[in-house]
Amino acid sequence: SILDEYVYPYNPNFQFVEFAQNLLRSAYNAGEVVFDHRYSRGLYAYLGYTWAHDIGQNQLNPFTPYQKGNASGDLRNNFNATVTWDIPDGHPGNLFGRSLAEKWGTDVRWTVRSGFPITLNGAETAAAADDGQQVEPGLNFVPNEPLYLHGSYNGAKIPGGKQLNPAAFTAAPVGVNGDVPQNYFRGFGEDQWNVALRRDFGLYENLHLQFRAEAFNVF
């Protein structure tokens with residue numbers, strides 16, 4: 001480069017010097033709303049929602065220009081709710097009843113989020129280079145083809161009931177990004193409930209033992 005050749009002369013001990021610059025840009029914008037409150041009698045509640053947009057530049061391979069679009073970790077909508085309840089101790093009439101009924105608690109967590117982006121590329125092909133490097137070209141939309149299929153495909157039921165339509169895309173020429181934007185499509189979101197039932201046993205002063213039973217993705 002000009003910087004190497006005219007500003008910093010080559011050291012004769014090096015046969016090759018490569019000068020690299022970071023020219024790519026990224027941007028992350030987000031907004032968050034939180035409700036956080038501790039009630040009486042051992043009840044605690046938290047609700048949080050985040051909207052975000054993560055934008056970045058990417059390059060499919062050395063033969064295509066940089067492309068701006070959604071970043072791979074672009075999680076647009078994310079909601080979390082947590083309720084924790086330390087169940088108030090009862091007052092049974094005998095020691096045995098008290099030992100069974102006291103120190104119980106439950107935790108419930110609900111998570112809902114949108115899907116992460118999906119990167120679509122064409123099938124590997126040999127690049128127009130002397131080394132025969134294999135590259136994955138970009139994609140173009142096929143006019144008048146639905147982007148999604150529902151129900152079944154090739155006689156088989158589609159998991160989740162929805163999938164991308166392979167006939168809706170065609171490979172762009174090597175060296176061309178194609179008109180399908182970077183990370184334009186998204187995978188499945190998440191809707192999950194986790195529940196826990198617990199009990200604490202006091203052993204010695206600040207030393208406690210906890211019994212805990214948890215169920216993930218209850219529904």
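## Terms and basis

A residue is called buried when its relative accessible area is under 20%, exposed when that area is over 50%, and partly exposed in between, using a 1.4 Å probe and protein chains only. The model is predicted, so local features need pLDDT of at least 70 and side-chain atom pairs count only at pLDDT 80 or more, while totals for chains, interfaces and linings use all residues. Residues are numbered from 1 along each chain as its sequence is written, and side-chain values use heavy atoms, leaving out hydrogens and water.

## Salt bridges between strands

Seven salt bridges are found in the whole structure; the term means a side-chain nitrogen of Lys or Arg within 4 Å of a carboxyl oxygen of Asp or Glu. One of them joins Glu 190 to Arg 113, with the closest N and O atoms 3.1 Å apart. Because Glu 190 lies in strand 14 and Arg 113 in strand 5 (residues 104-113), this pair ties together parts 77 residues apart in sequence. Strands here are DSSP runs (E, at least two residues), numbered from the N terminus. Arg 113 is partly exposed at 22%, and Glu 190 is partly exposed at 25%.

Asp 86 and Arg 198 also form a salt bridge, at 2.8 Å from N to O. Asp 86 belongs to strand 4 (residues 77-86) and Arg 198 to strand 14 (residues 190-204), 112 residues apart. Arg 198 is buried at 8%, whereas Asp 86 is partly exposed at 39%.

Arg 212 and Glu 214 form a salt bridge, their closest N and O atoms being 3.4 Å apart. Through shared partners, salt bridges join Asp 86, Asp 107, Arg 198, Arg 212 and Glu 214 into one network.

Technical notes
Helix = DSSP H or I, 4+ residues; strand = E, 2+ residues; numbered from the N terminus.
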